[in-house]
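Q: I would like to learn how to read a structure of this kind, one feature at a time. Could we look at it together?

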Amino acid sequence: MSLPPLTPQQLVKPPRFELRLGLIFAAIFLPMGLHLPYFPLWLEYCGFSAPEIAVILAGPMFLRVVTTPAILTLADRAGDRADVLVALGATSLALSAGYFLAPTYGIVLGVSLLLSVVWSPHVALTDSVALSGVRRFGSDYSMMRIWGSVAYLSANFFGGLILAAAGEAIIPVLLSLSFAAVLAAAFLMPRLGPPRHASPLSTADLPDAVPSLMHPYFLAFVGSVGLTTASHAYLYAFSSIYWKSLGISDATVGLLWTVAVVGEVGVFMSFTRLFGRQSAATTLVIAAVSSIVRWLAFPLVEPAGLGTAGFVAVQLLHALSTGLMLIGLQKMIGETVGEARTGAAQGVAYFATNFGLALATLLSGPLYEATGVDGFFAMAVLAAGGLALALYARRSAPESRLRG
């Protein structure tokens, strides 16, 4: 199906396009860099049990699997995606104020569920505008997107320093301030008119694409990514809580999260040189093996007396267990899925990874309450399942592009 021609207005590059997108990426990654490492600490500070923390964290993950593709589909039909981002940013800021209410289980869970609906589409919506710039004006996506990583790192590091000085009670304030930054940046979104390609994760092209995505290689690859990602649930939900239980300061917790993301960015920057000649399935095998090693090692750091240095070494494996996996997935889609089906392939992968992560997060609560840090051994089993599927994918890899 041919795309509609660009109008004369759409051929004109908005002023400072790359700078504006870079600022937006930076803003939308600020709340993410605060929420992942520190929100569980606030939940524990409020007195919630491990199973309650798991439900509060997992519930939004289940919900966004459905709501994010739906919102992106609506955004594709809007007059301009900039208006959608402004509306989502304003609603996110308003809902984040709900964390200032009395932190009962029902209120915090309800706020988290509603917030996830309007927060989760931020990255994919911004991606869609950035990719329009790549197609129309030859913009460099990586030079825009890198500012998101810089902001995420900064939120990890400086968030820990702020918590060390002010305590966990400051976390709702930090989240609301970060959403205020998102809203302010949303007004900078360049206006490009209706998109000609579906946004990443939009469901617009999914029905027609499903038959071409049923290849065993694609399904095994995505299944492996889903299981390997799910094995990170215990880390995301309870590692900060565990570190604090050992007497590790908030500032050091922030440093440990920063180290992990620095390693991931390092893989992004050196992937072509180090892994460019490896097949996508081989990079996935390496990621799954690294995950297994990481989860087997994590519970042994403290008994072995390795302290913070040991946790730094384990966190550096994030470069392979997550960074290499994410790039491997995109490499697979780029090599084997036709351009017209790329958005649908991204949507299938999004569902597999987020549903698996949500389910593993939900189960992590009772597991942490019962076993503590030893629950990481169960995550190693999940990663082993990911490894088995990665090996199958490597054996079944097609020599040419998948149909469609």
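**Reading the helices**

A: Let us begin with the buried residues of helix 13 (residues 307-316), which are Gly310, Phe311, Val314 and Gln315. Please keep in mind throughout that this is a predicted model.

Q: What covers the buried residues of helix 13?

A: The cover includes helix 10 (233-245), helix 11 (250-275), helix 12 (280-297) and helix 14 (318-336).

Q: How many helices and how many strands does the chain have?

A: The chain has 16 helices and 0 strands, and of its 404 residues 54% count as buried. Among the contacts in the chain with a separation of 6 or more, 87% are accounted for by residues 24 or more positions apart.

Q: How do I read the packing of two helices, and at what angle do helix 12 and helix 14 pack?

A: Helix 12 and helix 14 pack at an angle of about 160 degrees, and their axes are 8 Å apart. Because an angle over 145 degrees counts as roughly antiparallel, helix 12 and helix 14 are described as roughly antiparallel to each other. Helix 12 passes helix 14 in a left-handed crossing. On the side of helix 12, the residues that make the contact include Ala287, Ser290, Ser291 and Arg294, while those of helix 14 include Ser321, Leu324, Met325 and Gly328. Sorted by class, the residues of this contact between helix 12 and helix 14 are 8 nonpolar, 6 polar and 3 charged.

Q: Are helix 2 and helix 4 roughly parallel or roughly antiparallel to each other?

A: Helix 2 (residues 50-76) and helix 4 (residues 105-119) pack at an angle of about 25 degrees, with 7 Å between their axes, and they are therefore roughly parallel to each other. The crossing in which helix 2 passes helix 4 is right-handed. Among the residues that meet there are Val55, Ile56, Gly59 and Leu63 in helix 2, and Val108, Leu109, Ser112 and Leu113 in helix 4. The contact of helix 2 with helix 4 has 10 nonpolar, 4 polar and 1 charged residues.

Q: Is Thr228 buried or exposed?

A: Thr228, which lies in helix 9 (residues 216-230), is buried, with a relative accessible area of 0%. If we leave aside its neighbours within four places in sequence, Thr228 is in contact with Ala287, Ala288, Ser291, Ser321, Met325 and Gly386.

Q: Which residues is Leu175 in contact with, leaving aside its neighbours within four places in sequence?

A: They are Pro31, Leu34, His35, Phe39 and Tyr99. Leu175 lies in helix 7 (residues 171-186) and is buried, its relative accessible area being 3%. The C-alpha atoms of Leu175 and Pro31 are separated by 5.8 Å, although these residues are 144 residues apart along the chain.

Q: What is the phi of Arg16?

A: As a general idea, most residues other than glycine have a negative phi. Arg16, however, has a positive phi of about 50 degrees although it is not a glycine. Arg16 is found in the segment before helix 1 (17-45), and it is exposed, with a relative accessible area of 59%.

Terms used:
Residues numbered from 1 in each chain as written. Predicted model: local features only at pLDDT ≥ 70, side-chain atom pairs only at ≥ 80, totals over all residues. Heavy atoms only, no water. Buried < 20%, exposed > 50% of the residue type's maximum accessible area, 1.4 Å probe, protein only. Helix = DSSP H or I, 4+ residues; strand = E, 2+ residues; numbered from the N terminus. Contact = heavy atoms within 4.5 Å. Axes fitted to C-alpha atoms, helices over the stretch in contact; angles between N-to-C directions. Parallel < 35°, antiparallel > 145°, perpendicular 65-115°, else oblique. Left-handed = near helix turned anticlockwise from the far one by under 90°. Nonpolar A, V, L, I, M, F, W, Y, C, P; charged D, E, K, R; others polar.
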